[in-house]
Structures are given as C-alpha cells and as structure tokens.
Amino acid sequence: MTIDVLAFATSPRRHGNSETLLDWVLAAMAEEGAVTEKIAVTEADIRPCRGCNLCETLNRCVQRDYMDYVYDRIVAADCIVLSAPIYCMGLPAQAKALVDRAQLFRSRKYVLHLPVAAPERKGKRVGVFLSTAGQNWDYVFDAAIPSVKCFFTVADVRSKDLRYLMVNSVDEKGAIGRHPTAKADAEALAREVAAHLRGVGVA
C-alpha cells in the first residue's frame, strides 16, 4: 500500500505563503512514495454549513456540493493536511467553511454513534496543520488551534496524531521563500509523518 495524503489549501490567495508551505510538504511526501491530492478550497464548491442539524438524523449533509466527494476522501486518507493563513487572528472563511461542514462527522460520531473511519485504522491516521501569519506575535496562531483540533477530532484523527508547522512574520506573497528554515522544516515534517505512517503499518 502507498500512503494516501489529502491536502487542503484554504487561502483565498492562491499560491501564497501557506500554500507554498503546503507544496513543500506534499513534494517531500511524494518523494517518500506517498500519493498526494491537493484541493484548493477557494476554487471548490464548498458551501457554508446551514446549521440545520439534519445530518443528526440523515447521516449525510442535505447540501449537494463538492463536499460529497470531500467527505469520502477525508475518511479514506491516511494523512490529512490543512493549510491556512491567519486572517484577523483566526482561520480564513474558506477554511472555516470546511471545518464547519465537518459537522456531519460530529453527528455521525457523537449523535448517531457510528464510526467515521474504520475502527482498525485508529492510530493509523495523521493530521497536519500548516499555517502562516504576517504578524510576529507568539500568540498569533492561538485562536485557530481549537477549530483545527475540532476538525481533526470529528474526522477520527487523534490529538496525539496531529502535527503542526506554523510560521509567522511572513506577510507579503512570496515571503515564505525568504524564511531561513521554513522549507527545511516542511520537508522534515513530511519525512517524519511518512516514517510514522510506515511504522504503524499504513505502507
């Protein structure tokens, strides 16, 4: 088997700093033999959650959009990567829409008491959060983390199986390329995740 990596680029600005960080991770994962897929959320038909809670009884979302595909891919993936810049001290709207639509998994897991991923895959899936911010404050990523953890938790990725790479002080487009360690850190993270997944028997 090969490692299945599903990645979300959620910035409204394509090929900016957070997506570049993502591309470095995906390229290194591919070098490790992984199969990677990147979804640019800003170009996908992913509508906001309506808050109707019908997923609590239907076990599916009533909206028919690209999330029909995304739900299945999230469940199937061995590694899920969410990349997002920080906007106004939190996730941008595109990332938050994706997180909110994971309400389906919350309903499946906690209301309907059904599995999201197959039970035998517990501990064999990894979640990665990549983020960039223009500010240099130590706390600039703090508000985004709870939403990110919620997304991965309802998708059946354990907190102990999450990885983070967050780079601040990169504001204008292309600034990540001048960061002294970001690319090396991204590649090292990719290699560590691949090694971990091989170690738990994914590949």
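Is Met-89 buried, exposed or partly exposed? Met-89 is partly exposed, because its relative accessible area is 28%. The legends below describe close-up views of a predicted model.

**View 1. Met-89 and Cys-88 in the loop between β3 and α4.** Met-89 has a positive phi of about 75° although it is not a glycine. Cys-88 is likewise not a glycine, and its phi is positive at about 50°. With a relative accessibility of 83%, Cys-88 counts as exposed, whereas Met-89, at 28%, is partly exposed.

**View 2. Tyr-87 in the loop between β3 (79-85) and α4 (93-101).** The relative accessible area of Tyr-87 is 37%, so this residue is partly exposed. Leaving aside residues up to four places away in sequence, Tyr-87 touches Ser-11, Pro-12 and Pro-92. Ala-144 is 57 residues from Tyr-87 along the chain, and the C-alpha atoms of the two are separated by 9.6 Å.

**View 3. The buried residues of helix α4.** Ala-95, Ala-97, Leu-98, Val-99 and Arg-101 are the buried residues of α4. Their cover includes two strands, β1 and β3. It also includes the helices α3 (67-76), α5 (103-111) and α6 (145-154).

**View 4. Asp-4 in strand β1 (residues 4-9).** Asp-4 has a relative accessibility of 18% and therefore counts as buried, the cut-off being under 20%. Its side chain makes a polar contact with the side chain of Arg-73, at 2.9 Å. Not counting residues up to four places away in sequence, Asp-4 touches Val-35, Arg-73, Ala-76, Ala-77, Asp-78 and Cys-79.

**View 5. The crossing of helices α1 (residues 17-31) and α7 (residues 182-199).** The axes of α1 and α7 come within 8 Å and cross at roughly 45°. The two helices are therefore oblique to each other, and their crossing is right-handed. On the α1 side, the residues in contact are Leu-21, Trp-24, Val-25, Ala-28 and Met-29. These meet Ala-182, Lys-183, Ala-186, Glu-187, Ala-190, Val-193 and Ala-194 in α7. By class, the contact of α1 with α7 has 10 nonpolar residues, 2 charged residues and no polar ones.

Definitions and conventions: Residues numbered from 1 in each chain as written. Predicted model: local features only at pLDDT ≥ 70, side-chain atom pairs only at ≥ 80, totals over all residues. Heavy atoms only, no water. Helix = DSSP H or I, 4+ residues; strand = E, 2+ residues; numbered from the N terminus. Buried < 20%, exposed > 50% of the residue type's maximum accessible area, 1.4 Å probe, protein only. Polar contact = N/O pair within 3.5 Å; in protein donor to acceptor, adjacent residues only side chain to side chain. Contact = heavy atoms within 4.5 Å. Axes fitted to C-alpha atoms, helices over the stretch in contact; angles between N-to-C directions. Parallel < 35°, antiparallel > 145°, perpendicular 65-115°, else oblique. Left-handed = near helix turned anticlockwise from the far one by under 90°. Nonpolar A, V, L, I, M, F, W, Y, C, P; charged D, E, K, R; others polar.
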